[in-house]
Amino acid sequence: MTGFPILSAILSLPLLGALACLLTGAGGARWIALATTLATLALSIGLWVTYQIGGPQWQFVERADLFGSFAWALGIDGIALMLIVLTAFLMPICIAASWEAIEQRVPEFMACFLFMETLMLGVFMAQDLFLFYIFFEAGLIPMYLIIGIWGGANRIYAAYKFFLYTLLGSVLMLVAMLWMVNYAGTTAIPELMATDFPAEAQTWLWLAFFASFAVKMPMWPVHTWLPDAHVQAPTAGSVILAGVLLKMGGYGFVRFSLPMFPEASAQLIWIIFGLSMVAVVYTSLVALVQQDMKKLIAYSSVAHMAFVTIGLFTFNRQGIEGGLVVMLSHGLVSGALFLCVGVVYDRLHSREIAKYGGLSNNMPGYALLFMLFTMASVGLPGTSGFVGEFLALVGAYAANSWVAAVATTGIILGAAYMLWLYWRIAFGAARTEEAATLKDLNVREWALMAPIAAAVLWMGVYPESFIAPMREDVAVLLERVQHAAPPGDAMVSAGQPAPAAAHAPAAEGVHH
């Protein structure tokens with residue numbers, strides 16, 4: 001693929017598919033969308049296969065100057081590669097999940113999804129600051145439409161809340177970007193990652209970016225838009241919201257906050273750790289009392305994403321790699337759990353936990369897959385959930401043992417609410433006559449969930465295939481931030497810089 005602009009091709013394909021969907025009827029739009037997303041997935045797998053592990057940091061680079069300092073600049077590292085593959089993997093599953101569930105305005109729905117795929121992939125590929133901002137913000141529009149048009153009864157409220165929360169945070173980020181470009185004289189992200197911004201300015205820049213990424217993750221207390229958005233969104237909307245859109249916040253921390261503002265990241269680490277610890281405990285307790293399946297999984301997402309923020313800000317290899325693996329794992333597992341909810345919702349048109357029960361009797365295939373994804377969410381060894389959370393906790397313990405102790409309670413609470421959910425849905429006697437007569441998974445539904453099940457087990461058994469492409473990029477990030485790393489188990493509120501040697505042993509890390 002040398003010399004072929006594969007990144008531009010990957011971005012163009014869903015866009016062309018979206019236009020084609022608008023020019024055809026419902027049946028044609030479904031097949032066009034499925035074929036387009038499968039072709040995009042094939043190209044993304046081609047990226048993964050041809051990516052040189054241990055090669056240059058930025059690969060498949062494309063650049064065309066457009067006007068002023070703005071450029072069409074694309075390129076990926078290993079971290080972006082994994083998120084691109086995750087996005088491309090989930091999209092055909094979302095299209096197939098909407099095959100029968102979406103009956104109104106089908107061409108427009110499929111076009112929205114394909115347009116959103118281009119924008120999400122663009123976030124991970126952009127190497128120009130303003131190009132990144134355009135992709136980052138424009139992704140709000142199709143998701144706003146998907147919730148607002150094809151969502152549930154309270155969809156307008158949820159769509160507005162989603163849009164306003166995520167947009168307001170990003171206004172501050174744009175102001176910070178303008179200041180950075182004026183100071184550094186470039187909009188190229190790789191150059192900005194190597195720029196040493198003044199220490200006094202870093203704090204304000206870090207806070208401006210934090211305002212955007214914290215909402216996107218979402219971190220407590222700006223997480224309240226997420227349960228509403230999930231409950232009202234159609235199944236495919238929930239899958240892509242949990243699977244990819246939340247990961248943009250974590251990607252932003254890795255790409256901007258840590259490498260560009262390392263001193264500020266070290267000094268303000270207490271904000272990240274403090275909010276993440278509250279999120280792990282508080283949202284787990286809230287999940288425990290939910291009666292709506294989607295709300296329970298939505299609150300569990302906030303708790304799991306707190307593991308990401310804790311891991312990324314440990315300033316050591318295990319923590320950062322763990323945070324990145326949690327991002328990938330959560331994208332698969334939470335997406336699969338929302339698909340599991342969608343399967344029974346399509347049959348019974350209720351998400352109320354109390355209306356189910358005993359599904360292992362009449363839906364054994366469904367109960368088997370639901371159990372696998374529940375165990376992955378809990379972090380059972382052998383599943384993807386274990387790898388990321390274990391590494392993140394090892395990294396957290398090296399950075400601050402109190403943070404690790406509080407985060408560990410999240411795993412205990414996670415087991416409590418997920419296993420209790422599974423027990424109420426799958427075991428015992430059916431609580432309603434309708435639940436007792438539900439039919440097991442059909443061929444289409446098996447085709448949706450079996451690939452995710454395989455990926456969850458693959459990541460759990462052989463995580464090296466996912467960690468290896470990112471390892472060199474984590475090492476580059478550590479070189480950039482380690483001079484500012486706070487000493488292990490110091491009072492995080494102090495945020496005092498430590499010598500680079502303070503974390504040298506931890507940085508070498510465990511070989512997976």
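Mentor: Buried means under 20% relative accessible area, exposed means over 50%, and partly exposed lies in between (1.4 Å probe, protein chains only). This is a predicted model, in which local features need pLDDT of at least 70 and side-chain atom pairs count only at pLDDT 80 or more, while totals for chains, interfaces and linings use all residues. Residues are numbered from 1 along each chain as its sequence is written, and side-chain values use heavy atoms, with hydrogens and water left out.

Trainee: Is Ser 329 buried or exposed?

Mentor: Ser 329 is buried, at a relative accessible area of 5%. Its place is in helix 16; helices (H or I, at least four residues) and strands (E, at least two) are DSSP runs, numbered from the N terminus.

Trainee: What does Ser 329 touch?

Mentor: Leaving aside residues up to four places away in sequence, Ser 329 touches Ser 384, Gly 385 and Met 459. Contact here means heavy atoms within 4.5 Å. The side chains of Ser 329 and Ser 384 are also joined by a polar contact of 2.8 Å. That term denotes a pair of N or O atoms within 3.5 Å; within protein, one must be able to donate a hydrogen and the other to accept it, and residues adjacent in sequence count only if both atoms are side-chain atoms.

Trainee: Changing topic, how many salt bridges are there in the whole structure?

Mentor: A search finds nine, where a salt bridge is a side-chain nitrogen of Lys or Arg within 4 Å of a carboxyl oxygen of Asp or Glu.

Trainee: Which residue pairs with Arg 347?

Mentor: Arg 347 forms a salt bridge with Glu 445, with the closest N and O atoms 2.8 Å apart. The pair links distant parts of the chain, Arg 347 being in helix 16 and Glu 445 in helix 22 (residues 443-461), 98 residues apart. Glu 445 is buried at 3%, whereas Arg 347 is partly exposed at 25%.

Trainee: And what about Asp 292?

Mentor: Asp 292 forms a salt bridge with Arg 351, the closest N and O atoms lying 3.3 Å apart. These two are 59 residues apart: Asp 292 is in the loop between helix 14 (269-288) and helix 15 (293-312), and Arg 351 is in the loop between helix 16 (317-348) and helix 17 (359-362). Asp 292 is buried at 18%, and Arg 351 counts as buried at 19%.

Trainee: Why is helix 11 described as largely enclosed?

Mentor: Eleven of the eleven residues of helix 11 (residues 235-245) are buried, so the rest of the structure largely encloses this helix.
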